[in-house]
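Here's a quick briefing to read alongside the model. Have the sequence and the 3D view open, and work through the topics in turn.

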Amino acid sequence: MCQLRFAAKPGETTAVKDDMTELYLIVGTVKDYQILPPRCPAAFLRVYKFVNNDTQLKLLHKTPVDRPPLALAAFQKRLVVGLGNFLRIYDMGKKKLLRKTENKNFPTSITGIHVMDARIFVTDAAESVFLVRYNKQEKMLEIFADTDVPRYITCSTLVDFDTIVCGSVSSCL
């Protein structure tokens with residue numbers, strides 16, 4: 001899950017702009033998830049709005065997705081989601097989240113997403129860390145760096161703009 005403030009759409013009235021800059025909670029949910037073999041009959045991204053002085057949540061809508069959402073993060077007033085080996089960017093719509101772009105070039109399963117400025121650090125279940133940038137002109141997510149040693153990442157955190165620290169599982173033979 002993650003919290004974010006979506007960007008207001010150009011040309012909207014002030015009342016709508018104020019509403020769109022409110023804080024939202026996005027939760028990835030899965031129904032009857034089976035790990036081996038991987039099976040997910042239903043998965044959703046649920047969007048909640050904070051109400052009553054941020055003491056309660058109101059469900060605005062849920063967006064069906066085709067894979068389990070294992071990682072979510074706020075990125076430039078949009079939502080970036082790791083869905084299996086897909087990395088997608090969503091924006092707020094009236095009835096559901098709207099898919100803006102995606103990258104399907106990750107080897108296994110995205111398990112973590114960290115964002116700092118224009119960089120997206122993506123951890124993969126079996127192939128370590130990828131650095132991704134969003135190309136605004138072509139509206140594409142581009143991998144511009146990765147590690148050369150595959151690692152099974154269990155946890156990660158950003159230290160600064162150029163550094164990410166990861167915990168990995170060492171293989172025992």
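Over how many bridges do β5 and β6 pair, and in which sense? They pair in the antiparallel sense, over 6 bridges. Keep in mind that this is a predicted model, where local features need pLDDT of at least 70 and side-chain atom pairs count only at pLDDT 80 or more, while totals for chains, interfaces and linings use all residues. Residues are numbered from 1 along each chain as its sequence is written, and side-chain values use heavy atoms, with hydrogens and water left out.

**The β5-β6-β7-β8 sheet**

- Here you have an open sheet of 4 strands in the order β5-β6-β7-β8, with antiparallel pairing; strands (E, at least two residues) are DSSP runs numbered from the N terminus, and two of them pair if DSSP finds at least two bridges between them.
- β5 (69–75) and β8 sit at the edges with a single partner strand each, so one side of each is left without a neighbour in the sheet.
- On average, neighbouring strands of this sheet are turned by 25° against each other, direction ignored; the axes are lines fitted to C-alpha atoms, and angles run from 0 to 180 degrees between N-to-C directions.
- Buried means under 20% relative accessible area, exposed means over 50%, and partly exposed is in between (1.4 Å probe, protein chains only).
- The hairpin of β5 and β6 has 2 residues between the strands, and Gln76 takes a positive phi near 50° there.
- Phe75 has Arg78 in β6 as its bridge partner.
- β6 and β7 run antiparallel and are joined by 5 bridges, with Leu83 standing opposite Phe86 in β7.

**The β1-β2-β3-β4 sheet**

- There's also an open sheet of 4 strands with the order β1-β2-β3-β4, again with antiparallel pairing.
- β1 (2–5) and β4 (56–65) are its edge strands, and each pairs on one side only.
- From one strand to the next, the twist averages 30°.
- β3 and β4 pair over 9 bridges in the antiparallel sense, and Ala43 stands opposite Val65 in β4.

**Salt bridges**

- How many salt bridges turn up in a search of the whole structure? The search finds 8, where a salt bridge is a side-chain nitrogen of Lys or Arg within 4 Å of a carboxyl oxygen of Asp or Glu.
- Asp91 forms one with Arg78, and their closest N and O atoms are 3.5 Å apart. The pair links distant parts of the chain, with Asp91 in strand β7 (residues 86–91) and Arg78 in strand β6 (residues 78–83), 13 residues apart.
- Asp91 counts as buried at 6% relative accessibility, whereas Arg78 is partly exposed at 24%.
- Glu102 forms a salt bridge with Arg88, with 2.5 Å between the closest N and O atoms. Glu102 is in strand β8 (residues 98–103) and Arg88 in strand β7, so this pair ties together parts that are 14 residues apart in sequence.
- Arg88 counts as buried at 2% relative accessibility, while Glu102 is partly exposed at 24%.
- A network of salt bridges links Asp66, Arg88, Arg99, Glu102 and Lys104.
- Glu142 and Arg133 also meet through their side chains in a salt bridge (3.3 Å, N to O), and Arg133 is partly exposed at 41% relative accessibility.

**Aromatic pairs**

- The whole structure has 3 aromatic pairs by search. Rings of Phe, Tyr and Trp (its six-membered ring) pair if their centres lie within 6.5 Å; planes under 30 degrees apart count as stacked, over 60 as edge-to-face and the rest as tilted.
- Phe106 and Phe130 form an edge-to-face pair, at 5.4 Å centre to centre with 85° between the planes.
- Phe106 lies in the loop between β8 and β9 (110–116) and Phe130 in strand β11 (residues 128–135), so the pair ties together parts that are 24 residues apart in sequence.
- Both Phe106 and Phe130 are buried.

**A nonpolar patch**

- Val30, Tyr33, Ile35 and Leu36 make a nonpolar surface patch of about 430 Å². Patches are made of residues with over 30% relative accessible area and no salt bridge, joining like charges within 9 Å and nonpolar side chains (Val, Leu, Ile, Met, Phe, Trp, Tyr) within 5 Å; the areas come from the Shrake-Rupley method with a 1.4 Å probe, and for residues only the protein chains shown count as cover.
- Leu36 is in the loop between β2 (23–31) and β3 (42–51), and is exposed with a relative accessible area of 73%.
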